[in-house]
Structure formats: structure tokens, C-alpha cells
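I'd like to walk you through one model, so please have the viewer open and follow along.

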Amino acid sequence: MQNVADRKLIIGTRGSALALWQAQYVKNRLKDECRLDSEFKIIKTQGDKILDVPLAKIGGKGLFTKELEQKLLDKEIDLAVHSLKDVPVEILPLLDLAAITEREDCRDCFLSMKYESLESLSQGARVGTTSLRRSMQIKAFRADLDTLSLRGNIQTRLEKLKNGVFDAIILAQAGVKRLGIDVKKNDMGICHIVPLDFMIPAMGQGALGIEMRKDSPYFETISRLTHKRSALCVSAERSFVRELEGGCQVPIGVQAMYENGILRLRAMVGLPNGQEILQESLEDSILEEDKAKAESLGKNLAQSFIAKGAKEILSRARDMAFA
């Protein structure tokens, strides 16, 4: 492979509109802040190829990252840009996250053509979601709603909503904002977009992870793109999920918030039908640079969940997902 110093860096990315937005965002920052030129290489992942099966039933780790990581190992790309919520908590030994970008709004949001909110949905309304975590929280809020698998990129999901396949869909607010979708300027006729404050998001939701080979000569330079506060919060969240031996496709919600030197972590674990849920929070005073202490906070909260039966609940949740 040609020496990276003699050419543009190659950014590995998935090909959806949102993934390309994320890659362009990183490309711009590489140019502006690191004085590095780059170009894209689009790579299809397993999660992009299998669209007719709910994510939880595909199983395995790295549904949206494995192929990108292999290209890194083969030195066909120099960095991979991921939605951090898709990145497994255990990263391959030769790879690491060089940077975690500033987090966008990490909430989930409700979108509908005619209903103003989850509360206003009719009895038995069809709600589309890719996530057992979202299904769990929606069912806990309203057990009568019918949560159905929603696959594909954001544009595909919006088309399904527009065509009446669903009464409402749930998406990450970060993706909706990044693609500039709002009720005043969209060609889909979407009338209602409402952030869901009560729902606990997925680990890392709203942040981007830049993954590289550890031995890359550009690893240290690109690490400058890290947003310390976001990285601190994400470290606690990922530590919580790692300790539970959970993953991206299980019903776990976790959110860290950092303010005035206090890191507060809240989390939820339960069954996809919402009938059994554990919820708890923990906080500590932590310096913005103290990643190790943030990880300890995540681990301690996870141990509290484990003591209350969280691993047994997650095992049952997996059985329900594959049933």
C-alpha cells in the first residue's frame, strides 16, 4: 500500500445520506484543524445488506462496523467514521477510537404525518423502530402500541411513514437534525417531529467515533478532534454496557450528563415488551480529563444493576428477540 504521507487520507464510510454527512463533517474538520486532505471510500456493511430482518435477529457484534474495521486492518482505508452508538464496546486490538466528536442532541424523537405525540396516537397504532431499547420504553409508556421493525436508511424510513406503513416512527434526533429535516422544510409532508425527553438513549448516541489503526502516523494528530466532555460521557456509557456484557442490539439505555464537575449517569435495562424494567442513576465529581474515573462510574452502576438481576433480564430479552 502506498505510504499515507504521499496521498490523501482515505475515509471509510457507509453510503447512506447520513453516513456521508458524517464523513463530510470529519473531512472538513481534518482539513480545517489538522491540515489533512482526504477522500471517501464507501463500504457496505452487513447491517446495510440485510434489510428484511430486525436488527436484533441478525445478532452478532459490529453489524455496521465490521467491514470498515477489516478495511482498516488491510490498510485500504486510514480512518473509519462511525455513529458511535454502533461501535461495539470491545474494539479489535490493533484498532482504537482516535477521536470522539462533540455530541449532537442525543435524544430520540417521534415523527408522524398526523399525530402530534406518542400520547395522541390511537389505540394499537403502529410505531416503527429499529431498536429493542426504544420498543421497551415505548411499551412501558403505552403497552397498547404496536412496535414494528423499521429498517433502512432515514430516507427509506421516512418514505414508509409517508406511505402509511406506520402511524409514527422513532429516530435519533441527531440524524434528523444533521440531515436538516424539520416540519417547516421537508418534502415528505411530515407534520410532527417531537424530541422524547423521557426516553433514555443508546450509549454514544449523537456522537461520532473516528476509528483508526493504533500504529497510524496520523493517530495522534486526528485525536485533536476529540471533544473532551463528550468523550468523558461516552466513556462512562460504554463502560456500563461493557460491564453488563451488553451490546448495540439489546434493550439497554444509558446516558451520561456532565455539568459543574459532576458526571451523572442514568440507565435502564429491561424486556422489549416493557413489562419488566430496572432503572437507576449514579453520580460523582469528576475532572473533565479523567476518563478512568468516568469508566469506574459506569462499571459501578452496572454492578448495581447486575446485583438486581440485569444479566438474567438481558438473557430473557435476547430470547424474546430471537423467538
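I'll go through a pocket, a helix, some aromatic rings and a few backbone spots.

First, the ground rules. This is a predicted model, so to speak of local features I need pLDDT of at least 70, and side-chain atom pairs count only at pLDDT 80 or more, while totals for chains, interfaces and linings use all residues. Residues are numbered from 1 along each chain as its sequence is written, and side-chain values use heavy atoms, with hydrogens and water left out.

Let's start with the second largest pocket. How much space lies in it? About 540 Å³. Grid points are joined across faces, edges and corners, and the volume is the space filled by probe spheres set on the points.

The second largest pocket is lined by 26 residues, and the closest to its centre are L97, I100, A231, S235 and K291. To be a lining residue, an atom has to be within 4 Å of a point. Strand 4 (95-100), helix 9 (228-244) and helix 10 (291-307) are the elements that give two or more residues to this lining. Helices here are DSSP runs of H or I with at least four residues, strands are runs of E with at least two, and both are numbered from the N terminus.

What is the lining made of, by class? There are 13 nonpolar, three polar and ten charged residues. Nonpolar covers Ala, Val, Leu, Ile, Met, Phe, Trp, Tyr, Cys and Pro; charged covers Asp, Glu, Lys and Arg; the others, Gly among them, are polar.

Which element gives the most to that lining? Helix 9, with seven residues, so let's stay with helix 9 for a moment. Of its 17 residues, 13 are buried, so helix 9 is mostly covered. Buried means under 20% relative accessible area, exposed means over 50%, and partly exposed is in between, with a 1.4 Å probe and protein chains only. The length of helix 9 checks out too: at 1.5 Å a residue it should span 24 Å, and its end C-alpha atoms are 25 Å apart, which agrees. That expected span is 1.5 Å times one less than the number of residues. Following helix 9 is E245, whose phi is positive, near 55°.

Now the rings. Searching the whole structure turns up three aromatic pairs. Rings of Phe, Tyr and Trp (its six-membered ring) pair if their centres lie within 6.5 Å; planes under 30 degrees apart are stacked, over 60 edge-to-face, and the rest tilted.

One of the pairs is F141 with F198: the ring centres are 4.8 Å apart and the planes are at 25°, so this pair is stacked. F141 is in helix 5 (residues 132-141) and F198 in the loop between strand 9 (192-196) and strand 10 (208-213), so the pair ties together parts 57 residues apart in sequence. F141 is partly exposed at 35% relative accessibility, and F198 is partly exposed at 36%.

Another pair, F240 and F305, has ring centres 5.2 Å apart and planes at 85°, so it is edge-to-face. This pair links distant parts of the chain, with F240 in helix 9 and F305 in helix 10, 65 residues apart. F240 is buried at 0%, and F305 is buried at 1%.

There is also a charge to look at: the charged end of K27 sits over the ring of F40, 5.8 Å from its centre. The test is that NZ of Lys or CZ of Arg is within 6 Å of the ring centre and within 35 degrees of the ring normal.

Last stop, the backbone. R35 is not a glycine, yet its phi is positive, about 55°. R35 lies in the loop between helix 1 (17-34) and strand 2 (38-42) and is exposed at 65%. N260, also a residue other than glycine, has a positive phi near 55°. N260 is in the loop between strand 11 and strand 12 (262-270), exposed at 74%.

Conventions:
On a 1 Å grid over the protein atoms alone, a cavity is a set of points where a 1.4 Å probe fits but cannot get out, and a pocket is an open set with protein on both sides within 12 Å along at least five of seven lines; lining residues have an atom within 4 Å of a point.
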